[in-house]
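Me: I have a model open here and would like to go through it piece by piece. Can you take my questions as they come?

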Amino acid sequence: MRIYRDVELVESLGSGIPRILHAYGEDCFKFTDNFIRITLPISAHDHASDHASVQVKKLISILTREMGRAELQELLSIKNRDYFRTDYLNPAINQGYVEPTIPDKPNSQNQKYRLTSKGAAFHKKFETDK
């Protein structure tokens, strides 16, 4: 019941969605043809937590613009494509830090990767902590 009252209060002020976007970023929203799914972590701190592996952190630290797989592997000095995909790229995508530029064609030769808003926030935090 408490959650319902809080949501009702926030929505009555007309600032619910902007406040969610400010606190959690766009990654909380998933759109389909008939629905909008909003998934919120327990707290804003949990959303940008440091639960990323060392490999994912390395990938996030070098991903400063849209980059292809080969370029990322070269910057990380990784020769094995499968190792890169299973230990770096897939975990970063699954944890919501990185997204493909052509999601409906994962094997496209033109596929590149970029940081999500969650990844950009983590990258910014990572740079600030240096």
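Me: Which residues of helix α4 are buried?
Reply: In α4, residues 54–62, the buried ones are Val56, Leu59 and Ile60. Buried means under 20% relative accessible area, exposed means over 50%, and partly exposed is in between (1.4 Å probe, protein chains only).

Me: Why do they line one face of the helix?
Reply: Viewed down the axis of α4, the buried residues fall within an arc of 100 degrees, so one face of the helix is lined by them. The arc is taken over the directions from the helix axis to the C-beta atoms.

Me: What sort of model is this, and how is it numbered?
Reply: It is a predicted model: local features need pLDDT of at least 70, side-chain atom pairs count only at pLDDT 80 or more, and totals for chains, interfaces and linings use all residues. Residues are numbered from 1 along each chain as its sequence is written, and side-chain values use heavy atoms, with hydrogens and water left out.

Me: How many helices and strands does the protein have?
Reply: Seven helices and four strands. Starting at the N terminus, the order is α-α-β-β-α-α-α-α-β-β-α. Both are DSSP runs numbered from the N terminus: helices are H or I with at least four residues, strands are E with at least two.

Me: And what share of the residues is buried?
Reply: 28% of the 130 residues.

Me: Salt bridges next. How many are there?
Reply: The search of the whole structure gives three. The criterion is a side-chain nitrogen of Lys or Arg within 4 Å of a carboxyl oxygen of Asp or Glu.

Me: Which residue does Glu71 pair with?
Reply: Glu71 bridges to Arg65, with the closest N and O atoms 2.5 Å apart. Glu71 is partly exposed at 29% relative accessibility, and Arg65 is partly exposed at 45%.

Me: What about Arg114 and Glu66?
Reply: Their side chains form a salt bridge at 2.9 Å, N to O. Arg114 is in strand β4 (residues 113–115) and Glu66 in the loop between α4 and α5 (69–76), so the pair ties together parts 48 residues apart in sequence.

Me: Where does Glu99 come in?
Reply: Glu99 meets Arg114 in a salt bridge of 2.8 Å, N to O. Since Glu99 lies in strand β3 (residues 98–100) and Arg114 in strand β4, this pair ties together parts that are 15 residues apart in sequence. Through shared partners, Glu66, Glu99 and Arg114 are joined into one network.

Me: Switching to rings. How many aromatic pairs are counted?
Reply: Three. Rings of Phe, Tyr and Trp (its six-membered ring) pair if their centres lie within 6.5 Å; planes under 30 degrees apart are stacked, over 60 edge-to-face, and the rest tilted. In one of them, Tyr83 and Tyr88 have ring centres 5.7 Å apart and planes at 75 degrees, so the pair is edge-to-face.

Me: Is Tyr88 buried or exposed?
Reply: Tyr88 is buried, with 5% relative accessible area. Tyr83 is partly exposed at 35%.

Me: What is the geometry of Phe84 and Tyr88?
Reply: The ring centres of Phe84 and Tyr88 are 5.9 Å apart and the planes at 20 degrees, so that pair is stacked. The two are four residues apart in helix α6 (residues 81–94), or about one helical turn. Phe84 is buried, at 0%.

Me: Which residues make up the aromatic cluster?
Reply: Tyr83, Phe84 and Tyr88 form one cluster.
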